[in-house]
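Work through these exercises with the model open. Try each task before reading its solution.

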Amino acid sequence: MEEGVVAGYDDALIPSYPKAEGDTYTPPCAALETRILGIVQDYAAAEDLLANIFAGKMKAQEGADAIAAAWEKLTDQIGYQIQEAYEQARESEQVVKLYETKALPAAEANVKEAQSAYTNGKVPFLPLVAAQRNLIAVRGGLNDVRSGVVLRRAELHRGVGERG
């Protein structure tokens, strides 16, 4: 407790800190903002280090430095996750463009060509069916990729603390 006083904490309040901290996790006073990326890990690291400071296992400055180092490491990890989510969202958007500008028009043209060839009696029915199945598969792939874009954007918004 002496180190807590040296660090500027009121000696009478130090014993009540763990209860007050615990109350922030327990209804009706729960105040943990879990939408903030890394907040749970940050609280856990800080609480462990503060417990060591209050127990006299480490000096206040040493604990403060350790908390700052843990926060720095965590923010680096979060920054990496946000960058990764951004790159994945961008990549997914590029795949959507490829589907829309290349794969889908090619599949649609293939169906038209097969339909015309079938109508003119140049090919049997099966090539037309195959072309239509391919078009359905391409449309399904495009829908899957579009869904992926939405998910990746949501991950990115979550990472930067926005509601998307």
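**Exercise 1.** Which residues are buried in helix 3?

Solution. This is a predicted model. Take a relative accessible area under 20% as the cut-off for buried. In helix 3, that selects Ile39, Asp42, Ala46, Leu49, Leu50, Ile53 and Phe54. Next, look down the axis. These residues lie on the same side of helix 3, because they cover an arc of only 135 degrees.

**Exercise 2.** Check the span of helix 3 against its residue count.

Solution. Helix 3 covers residues 39–54, which is 16 residues. Just after the helix comes Gly56, with a positive phi of about 80 degrees.

**Exercise 3.** Do the same for helix 4, then find its kink.

Solution. Helix 4 has 60 residues and should span 88 Å. Its end C-alpha atoms are 85 Å apart, which agrees. Now follow the axis: a kink of about 40 degrees is centred on Tyr99. Gly121 follows helix 4 and has a positive phi, near 75 degrees.

**Exercise 4.** How many aromatic pairs does a search of the whole structure find?

Solution. The search finds one. Tyr118 and Phe125 form it, with 5.5 Å centre to centre. The planes are 65 degrees apart. Over 60 counts as edge-to-face, so this pair is edge-to-face. Tyr118 is partly exposed, at 38% relative accessible area. Phe125 is partly exposed too, at 46%.

Definitions and conventions: Residues are numbered from 1 along each chain as its sequence is written. This is a predicted model: local features need pLDDT of at least 70, side-chain atom pairs count only at pLDDT 80 or more; totals for chains, interfaces and linings use all residues. Side-chain values use heavy atoms; hydrogens and water are left out. Helices (H or I, at least four residues) and strands (E, at least two) are DSSP runs, numbered from the N terminus. The expected span of a helix is 1.5 Å times one less than its number of residues. The bend at a residue is the angle between axes fitted to the seven residues ending there and the seven starting there. Buried means under 20% relative accessible area, exposed over 50%, partly exposed in between (1.4 Å probe, protein chains only). The arc is that of the directions from the helix axis to the C-beta atoms. Rings of Phe, Tyr and Trp (its six-membered ring) pair if their centres lie within 6.5 Å; planes under 30 degrees apart count as stacked, over 60 as edge-to-face and the rest as tilted.
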